[in-house]
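Please keep the sequence and the model in view while reading.

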Amino acid sequence: MRLDLVMPAHNEERRIDTTLRDYRTALRDVDARIWVALDGCDDGTAEIVRRHAAEDPRVGWIEFPKLGKGGVLVEALRTCAAGDGEAVGFVDADGAPPPEELLRLLDVVERGADVAIASRRHPAA
């Protein structure tokens, strides 16, 4: 199953490097693309993402003017839905959900679920 994973990012230069490294490692055996949706960044976020993309062809980016998290998610998910991915999801630049939890969610979808959702607020989270 091909996964298109969207990661919205606005001025995330302090944590995007670690988060991308963690997801790239966790998804090494998964047919996945990681799309960073750059939301009007004016710090070093885009340069860090471009470096990851140069190192790993599974990493890409889409640049937007400042739309806010909801706006970039809608636009990036719309772009991914028009592609060849069979599953589309998103994670935050702070690494939520952690990569191992994303793999659990993907497993649920691969077993036939139409939707799998993680929650930071659920008591078992």
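## The pocket lining

Helix 3 (68-81), strand 4 (87-90) and helix 4 (99-110) each contribute at least two residues to the lining of the largest pocket. Helices (H or I, at least four residues) and strands (E, at least two) are DSSP runs, numbered from the N terminus. Helix 4 gives the largest share of this lining, seven residues.

The model is predicted: local features need pLDDT of at least 70, side-chain atom pairs count only at pLDDT 80 or more, and totals for chains, interfaces and linings use all residues. Residues are numbered from 1 along each chain as its sequence is written, and side-chain values use heavy atoms, with hydrogens and water left out.

## Strands 1 and 2

Strand 1 (residues 3-9) pairs with strand 2 in the parallel sense, over seven bridges; two strands pair if DSSP finds at least two bridges between them. Opposite Ala9 stands Leu38 of strand 2.

In strand 2 (residues 32-39), seven of the eight residues are buried, that is, under 20% relative accessible area with a 1.4 Å probe and protein chains only.

## Rings and charge

The charged end of Arg33 sits over the ring of Trp35, 4.3 Å from the ring centre. A charge sits over a ring if NZ of Lys or CZ of Arg is within 6 Å of the ring centre and within 35 degrees of the ring normal.

Note on methods: Buried means under 20% relative accessible area, exposed over 50%, partly exposed in between (1.4 Å probe, protein chains only).
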